[in-house]
Amino acid sequence: MDQIDRALISELQRDATQAYAALGQIVGLSAGAAHERVRKLRERGVIRATTIEVDPAALDRGVLAYVMVEANAWMGDSAEAFAALPEIQEAHVIAGAASVLVKVRTATTEALQGVLRRIYDVPGVSGTQAIVVLETFFERPVNPGR
């Protein structure tokens, strides 16, 4: 991946609705060349999806928590069980005192409590520790620069 690919990725992260002509102009390519580069980035899996960013509070998901899930068994095969809980946005197998780290969004802390109860239904789960976010300073996409 060269600097032009990285610049395209950066621009698409900023605004994925840009026309290929505008993208090409920004990175010094024709519209067709920009389109071809983006197509190849998609084919290689570098660009996994084109999506929109939504304010979670506007969708009644204003409570954000990170939950460390403790287990008495290997959790590497439990992805489907965590994915079955729609409030979980991300799930990661981690090293350390906990086995899995999940990112949860709910409308209320009561709803969060319900998610925590359902996490205990996942085979092997022996405990949870939730960290409720009070304020988010910023979130940023992966920086494509070196």
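Me: A residue is called buried under 20% relative accessible area, exposed over 50% and partly exposed in between (1.4 Å probe, protein chains only). Is E43 buried or exposed?

Reply: The model is predicted, so local features need pLDDT of at least 70 and side-chain atom pairs pLDDT 80 or more, whereas totals for chains, interfaces and linings use all residues. Residues are numbered from 1 along each chain as its sequence is written, and side-chain values use heavy atoms, without hydrogens and water. For E43 the relative accessible area is 58%. Because of this value, E43 is classed as exposed.

Me: How far apart are the closest N and O atoms of E43 and R39?

Reply: E43 and R39 form a salt bridge, that is, a side-chain nitrogen of Lys or Arg within 4 Å of a carboxyl oxygen of Asp or Glu. Both residues belong to helix α3, where being four residues apart separates them by about one helical turn. R39 has a relative accessible area of 31% and is therefore partly exposed. The closest N and O atoms of this pair are separated by 2.2 Å.

Me: How many residues apart in sequence are the parts that E87 and R118 tie together?

Reply: A salt bridge joins E87 to R118, with 2.4 Å between the closest N and O atoms. E87 is in the loop between α4 (79–83) and β2 (88–93), while R118 is in helix α5 (residues 109–119), so the parts tied together are apart in sequence by 31 residues.

Me: Is E87 buried or exposed?

Reply: The partner of E87 in its salt bridge is R118, which counts as partly exposed because its relative accessibility is 32%. For E87 the relative accessibility is 19%, and therefore E87 counts as buried.

Me: In which strand does K103 lie?

Reply: K103 and E90 meet through their side chains in a salt bridge of 3.9 Å, N to O. This pair links distant parts of the chain, 13 residues apart, with E90 in strand β2 and K103 in strand β3 (residues 100–106). K103 is buried because its relative accessible area is 11%, whereas E90, at 34% relative accessibility, counts as partly exposed. The strand that holds K103 is β3.

Me: How far apart are the end C-alpha atoms of helix α1?

Reply: Helices (H or I, at least four residues) and strands (E, at least two) are DSSP runs, numbered from the N terminus. Helix α1 covers residues 3–14, which makes 12 residues. The expected span is 1.5 Å times one less than the number of residues, so α1 should span 16 Å. The distance agrees, because the end C-alpha atoms are apart by 16 Å.

Me: Which helices are included in what covers the buried residues of α1?

Reply: The buried residues in α1 are D5, R6, L8, I9, E11 and L12. The cover over these residues includes α2 (20–27) and α3.

Me: Which residues does R42 touch, not counting residues up to four places away in sequence?

Reply: R42 is part of helix α3. Because its relative accessibility is 37%, R42 counts as partly exposed. Contact means heavy atoms within 4.5 Å. Leaving out residues up to four places away in sequence, R42 touches Y20, I47 and T50.
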